[in-house]
Amino acid sequence: MAKRGISILKGIEADTVTRLLNKAYADEWLAYYQYFTESKVIQGIMKDAAITELTQHAADELRHATMLCDRIIQLGGTPLLSPKEWFTHTNCGYDAPTDANVLPILQQAIKGEQCAIGIYSEIADITKDKDIVTYDMVSQILADEVEHEEDLQALYDDIHEFIAEIKKNLQ
């Protein structure tokens, strides 16, 4: 634990920040696992494009988990040590990909990104002007999550347009 690093906190306790970050840490691990699993089981039209997106997003979620873990430790906290804890601390939960069709998979992923955007916006609001290091880190993660939502929504919309075009041509 870096004592000088913690001393830069203004009007917020390190324990408060680590509690928020551990919940986000749980979310990132669950998002990583969800994207990883979805990329393996997905089926249907344009699945290769979806696999590419899901695989990239899984890597980003793992990178986010690493960033959060490092910051928790810098603040003198302990990251969640057991995967069981992910389910009790998560903000966004976990949606098992029980329907492997590309459209429901993308809908689940979009829902997860929208939740993450909300959570990271809240953490940014809480840490702004109080913990600049966490605020900067969370802002970076938030930018990634916004990009993820955009990527997934664009793919979802492209698939819908493609299906509509096929239906139109068949009539």
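## Aromatic pairs

Searching the whole structure turns up 6 aromatic pairs. Rings of Phe, Tyr and Trp (its six-membered ring) pair if their centres lie within 6.5 Å; planes under 30 degrees apart count as stacked, over 60 as edge-to-face and the rest as tilted. One of them joins Tyr 25 and Trp 29, an edge-to-face pair with 6.4 Å centre to centre and 90° between the planes.

This is a predicted model, where local features need pLDDT of at least 70, side-chain atom pairs count only at pLDDT 80 or more, and totals for chains, interfaces and linings use all residues. Residues are numbered from 1 along each chain as its sequence is written, and side-chain values use heavy atoms, with hydrogens and water left out.

## Within helix H2

Tyr 25 and Trp 29 both sit in helix H2 (residues 14-41), 4 residues apart, or about one turn of the helix. Helices here are DSSP runs (H or I, at least four residues), numbered from the N terminus.

Tyr 25 is buried, at 8% relative accessible area, while Trp 29 is partly exposed at 22%. Buried means under 20% relative accessible area, exposed over 50%, and partly exposed in between (1.4 Å probe, protein chains only).

## Across to helix H4

Trp 29 also pairs with Trp 86, and this pair is stacked: 5.2 Å centre to centre, 5° between the planes. It links distant parts of the chain, as Trp 86 lies in helix H4 (residues 83-89), 57 residues from Trp 29. Trp 86 is buried, at 15% relative accessibility.

Ring pairs tie Tyr 25, Trp 29, Tyr 32, Phe 36 and Trp 86 into a cluster.

Conventions: Helix = DSSP H or I, 4+ residues; strand = E, 2+ residues; numbered from the N terminus.
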